[in-house]
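This report covers selected backbone features and a chain contact. Please view the sequence and the structure first.

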Amino acid sequence: MTRRRPVTILFLALALALTAAVTVTDAATGYEFRLGALYLVPIALATWTAGLAAGVAVSVVAALTWVLSFRGMHLYSEQWFFYWEAVLNIGIFLIFAVLLARLRDALDSSDARFVMAMQSLDAAVYATDARDGRILFANRCFLESFPDAAIGRDANPLHGRFTADRGLQEGDDGSEVIDHVSQRWYLRGARDVRWVDGTQARLHILTDVTDARHARVLQRQHEETLHRTSRAVALAEMASSLGHELNQPLGAIGSYLEACDRLLSSPTAELAQLREVIAKCRAQASRSGMILRRMREFVAGREPVRRETDLVGTVASVLRLVHFEARAIGISIETDLDAACRPAPFDRVLLEQALVNLLRNAMEALKNAAPERRRVCVRARSLANAEVQLSVEDGGTGLAPEVAGRLFVSFVTTKPGGTGLGLSICRSIIEAHGGRIWHEPLADGGCAFRFTLPGPAR
Amino acid sequence: MVHVVDDDEAMRDSLCFLLRTAGLAAKAYASAEAVLDTQFERCNSCLLLDIRMPGMGGRALQAELAARGERMPIIFITGHGNVPMAVEALKQGAFDFLEKPFEEHQLLARVLRALDHDAARRSAEARHAQRLAQLNSLTVREREVLRRVLQGKPSRIIAGELNVALKTVEFHRARILARLGVRSVAELFHLFLAPDALH
C-alpha cells in the first residue's frame with residue numbers, strides 16, 4: 001500500500017521533533033535519570049511510516065544528540081567507556097529499526113497477498129465498516145457486477161437489491177439471493193473480521209450461482225421429462241399388448257357370428273351346430289374378460305396405506321416438488337392452510353400424487369396467462385362435518401364447456417402429449433380415501449379443483 | 001382349399017368354421033412348422049397366415065415356401081402396428097394382408113380373390129406345361145424351321161438357309177402346325193406371344 005508523500009514527511013518531522021524533545025528532557029533530568037529508551041518511540045514512528053532508511057536516519061540522529069548532550073556530563077572514569085555506551089545505543093536503535101521495518105514489510109506483503117487473492121476471485125467480495133456500513137474494500141468482480149456501488153459509500157442501498165430464495169429467511173449467511181437489477185442469483189456469505197486499520201469490519205462474499213441454478217433447473221426438467229416419457233412409453237406398450245391380446249377372442253367371436261349368420265340363411269341349418277358355435281362364442285367372450293381382469297390386476301395401484309398424516313406437511317412437500325417447475329415459468333404458488341386441519345388417516349404418497357397432478361394441471365392452464373394472473377393457490381379448510389377440503393385454484397381462463405363435461409374420463413386430454421389419465425388418477429385416489437373431487441369456476445375467471453377427505457377418526 | 005395358419009386355437013377354429021360355412025374347404029395349422037411338414041394337394045388353394053407366431057413367424061414361412069417353389073397366394077393377418085411388416089411381406093410377393101380386427105365379409109372376399117388368382121395361375125401353368133411337351137415332340141430340324149418361321153422368314157428364304165428344297169420346308173411347316181394343334185401360322189404366332197416359350 002502506497003502512502004502519500006506529505007503525510008510521510010509530516011510523520012518524519014514529528015519523529016525528529018520527538019527525538020529533540022527526548023534529548024532536551026534527558027539532558028534536563030541529568031545523566032543518572034536515564035530516558036534513552038524513549039528514543040525508540042520516534043525511531044519506531046519513522047520506520048513504520050517512512051521506511052527503514054528514515055528509521056536508520058532517526059536512529060543516527062538520536063544517538064548523536066545523546067552523545068552531544070552527555071559528552072561532558074557522564075560519570076564514567078574513562079571517556080571511551082562513554083563512547084562504548086553510545087555505540088551500544090546506536091546498535092540497539094538500528095537493530096530495532098531493522099526488525100520493525102521487516103515486520104512492516106511482512107505485514108504489507110501479507111496485505112498485498114490478501115488483496116491480490118480477493119481481486120482474482122470470481123466472487124464479488126467487499127468489506128463494510130461494522131459501525132456505519134461504509135464500503136472499506138471491494139474487489140474487481142464486485143465493482144464490475146455492481147458498478148453503482150463505490151468504496152467509501154454506504155452499502156445499505158445494495159442490500160435492498162437482493163431478495164432471498166423462497167422458503168429461506170433473508171439472512172446473511174449461506175442463503176441464495178436474487179439481484180433485482182441484474183436478475184442474477186448470488187450465494188451470500190459474510191463474516192466479521194478485523195480490518196487492516198484495526199476497525200471492526202464485515203467481509204461479504206457474493207458468489208454468482210445463476211448458471212449453477214439454471215443447470216439445476218434444467219437437470220430437474222430433464223429428469224421430469226424422462227420420467228414422463230418412460231411413463232408414456234409404458235402406457236403405450238400396455239395399451240398395445242392389451243389390444244393384441246383382445247384381438248384374438250374378439251376376432252374369433254366375429255368369425256363365429258358371421259358363420260352363424262350364414263348357417264341361419266341356409267335352408268339346411270342344424271340347430272346342434274348353431275348351439276356349438278354359440279357356446280364357442282361364449283367361451284371367447286369370457287376369455288376376453290379374463291384378459292381384462294389379468295391386465296387390471298397387473299396394473300392395479302396398491303391399496304391405500306392409511307397413516308395419520310399431517311395435511312399441512314403433505315402440502316408443503318408437494319410444493320417443494322413443483323417449486324422449480326413453477327418458478328421456471330414464473331408462477332407463484334400461495335397457500336392458505338387452515339391450522340384447524342388435524343392429522344388424519346391418509347396415504348401420504350397417493351395424496352401427494354393427486355396434489356401434484358392438480359398443481360401441474362393448474363400450472364399448465366397458466367402457460368399463456370398474463371404475468372399478473374400467473375398464480376396458483378392451495379387451500380385447506382376444515383369443514384363442519386370434520387371433513388377436510390383441499391382446493392387448487394388457478395388464475396387461468398377457466399375450462400371450455402365441452403372439456404368440463406368429460407374432465408374425469410380416462411384418455412381424454414387437451415394437452416399435446418398428455419395421457420389423459422391425470423385427473424382420472426386423482427379421482428381414483430380421492431375416492432379410494434372415501435372423498436370426492438369436483439371443479440368450480442372462480443369469480444375472476446379461473447378454475448378451482450376441490451376435493452374432500454374424511455377427517456380424523458373420532 | 002384354404003390353409004389357415006394361426007397359433008391361437010380359437011382364431012384358427014373360427015376362421016376354418018367361417019370358411020366352411022361359405023362353402024370353402026379349410027385346413028387348420030397351429031404353426032408354420034406344421035405347414036412345412038405338409039404335402040399340399042394339387043388344387044386351387046391359398047394360405048391365410050398370421051404374421052406373428054411363436055417359433056417360425058409368418059414372414060419366415062413365406063420365405064421358406066418361396067424357396068421351395070411353392071407359389072400359392074398368401075394373405076397375411078396382422079395385428080395393429082404390424083402394418084409396416086405386412087407391407088414388407090407384400091413387396092416379397094404376398095397376395096394381400098388383413099389388419100385385425102377385420103370384417104368377416106372382407107376376409108371372405110379376399111380369400112375368394114386369392115383362390116381365383118390361384119386358379120388362373122394353375123391353368124396358365126398347365127397350358128405352359130402342355131406347350132413345352134408339344135415343343136419337345138418336334139424333331140431338331142422341325143425346331144430349326146419353327147424358329148425361322150417365327151422370325152417371319154418366308155419358306156423360300158428358309159429353304160436357302162437350311163440348304164433344303166422349298167418342298168421340304170413346306171412339308172416341315174405342315175407337320176409343325178399339326179403337332180402343335182394349330183391351323184394357321186397366325187395361330188402359331190398367337191401361341192408364342194407368351195415370351196420364353198421357346199427356351
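A386(A) sits in the loop that connects β10 (375–382) with β11 (388–394) of chain A. Helices (H or I, at least four residues) and strands (E, at least two) are DSSP runs, numbered from the N terminus. The model is predicted: local features need pLDDT of at least 70, side-chain atom pairs count only at pLDDT 80 or more, and totals for chains, interfaces and linings use all residues. Residues are numbered from 1 along each chain as its sequence is written, while chains are lettered from A and ligands numbered from 1 in the order in which they are written.

The phi angle of A386(A) is near 70°, positive although the residue is not glycine. With 13 other C-beta atoms within 10 Å, A386(A) is partly exposed. A residue is buried with 20 or more other C-beta atoms within 10 Å of its own, exposed with 12 or fewer, and partly exposed in between, C-beta atoms being placed from the backbone.

In chain B, N163(B) belongs to the loop between α7 (155–162) and α8 (166–180).

| Residue | Phi | Other C-beta atoms within 10 Å |
|---|---|---|
| A386(A) | near 70° | 13, partly exposed |
| N163(B) | near 60° | 6, exposed |

A cis peptide bond, with omega about -5°, links K100(B) to P101(B). P101(B) is in the loop between β5 (96–99) and α5 (104–136) of chain B.

Between the chains, 15 residues of chain B are in contact with 18 residues of chain A, contact meaning C-beta atoms, placed from the backbone, within 7 Å. Helix α1 (residues 9–21) of chain B supplies seven residues, the largest share of the chain B side.

Terms used: Contact = placed C-beta atoms within 7 Å.
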